[in-house]
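Please consider the model shown below.

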Amino acid sequence: MDKFRHFIQAAWAIVSNSFIAGWQSGSIYRGELKSVCLPGLNCYSCPGAWGSCPIGALQAVAGSGAYQMSFYVVGILSVFGITLGRFICGFLCPFGFIQDMLHKIPFVKKINSFRGDRQLRWLKYIILLVFVLILPMFAVDIIGEGAPAFCKYICPAGTLEAGVPLVLMNELLAAAAGWLYRWKLFLLIAIVLLSVIIYRPFCKYLCPLGAIYGLFNPVSFYRFRVNEKCVSCSLCTKACKMGIEPYKTPNHRECIRCGDCLKACPHGAICKGFEKK
Amino acid sequence: MNKQKLFVSPWFSCVILLLAVAFVAFGIYRGEMAVVVQKAINICLECIGIG
């Protein structure tokens, strides 16, 4: 399951960021496909990106001055969410894939849980509200436009996928990089280092896209079910790197559908699939 | 066994899906796609940590 999942993750990351000319010239794709949002956190300023980041697009519309609430982006996020939930985090997010790979690096002690872990999970909802919705809508400039606060101050995916390659390939951008670039680089390095020790720290504590998809997990068409074979042995809980109890809450908002619990269950008590009845 | 009994009718999910599609259509109708594409085809200075 892990190899299959990583293959899908790698394939999707490559396909959705395969605009070769952008990688060669340090520019970005400027075609009509950019009006379509990708399901995962994928910066639209990544030189290879064919589509838009849904969180970036949400902030762009919210801060445009013309509209505050984006029906278009909320609709697209809802279509993705109601169909797949956080399956997208587990299979179709390039930044999630990078964190998965980083966590495979051996370290003396991997941390599965710590004091305050549960409380810290709510931080991503605060980030969603404050940095993705409220600040772009209400912290506006003289012409009524708001900045994409999440992209500007937090998003490590933007730094990794767009900031680092563009600054390396473009002298003008390199000359313009200042304290904000250094702050975002610091955040990225912190998340990279933490990812080696903690499984997907960005997804667990900071990602507003994961927060949105998590709300859809209990109602999405794709879901997990625990059947009558379950003996509550908790082996699935021990296997879960997202720190949930799959045998109690198989559709918990933190579940990224990685399938580790299915693999760990000796009784085949957890099933996955699309809801039919 | 303390399993969560959470029954969600697929009809509820279907209603949300229909609503979501209606949102997308309404967003396109009022021209939000143009805002998205305009932002996305230019290098986002905020995203890369310059703006």
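The model is a predicted one. In it, 39 residues of chain B are in contact with 57 residues of chain A. The two chains bury about 4100 Å² between them, and 73% of this area lies on carbon and sulfur atoms. On the side of chain B, the residues that lose the most area to chain A are B:Val36, B:Cys47 and B:Ile48, which together account for 14% of what that side buries. Three helices of chain B, α1 (10–29), α2 (32–40) and α3 (45–48), each supply at least two residues to the side that touches chain A. The largest share, 13 residues, comes from α1(B). By residue class, this side of chain B divides into 26 nonpolar, eight polar and five charged residues. Between chain B and chain A the count of salt bridges is zero, while 12 residue pairs are in polar contact across the interface.

Attention now turns to chain A itself. Its domain assignment gives domain 1 (2–215) and domain 2 (224–274), whose C-alpha centres lie 27 Å apart. Here 19 residues of domain 1 are in contact with 12 residues of domain 2, and the area buried between these domains is about 1400 Å², with 52% from carbon and sulfur atoms. Three salt bridges are found across this domain interface, together with six residue pairs in polar contact. On the side of domain 1 that touches domain 2, α5(A) gives the most, with four residues. That side of domain 1 comprises seven nonpolar, four polar and eight charged residues.

Conventions
Residues numbered from 1 in each chain as written. Chains lettered and ligands numbered in written order. Predicted model: local features only at pLDDT ≥ 70, side-chain atom pairs only at ≥ 80, totals over all residues. Heavy atoms only, no water. Contact = heavy atoms within 4.5 Å. Buried area = accessible area lost by both parts, 1.4 Å probe. Salt bridge = Lys/Arg side-chain N within 4 Å of Asp/Glu carboxyl O. Polar contact = N/O pair within 3.5 Å; in protein donor to acceptor, adjacent residues only side chain to side chain. Nonpolar A, V, L, I, M, F, W, Y, C, P; charged D, E, K, R; others polar. Domains from an automatic or database assignment.
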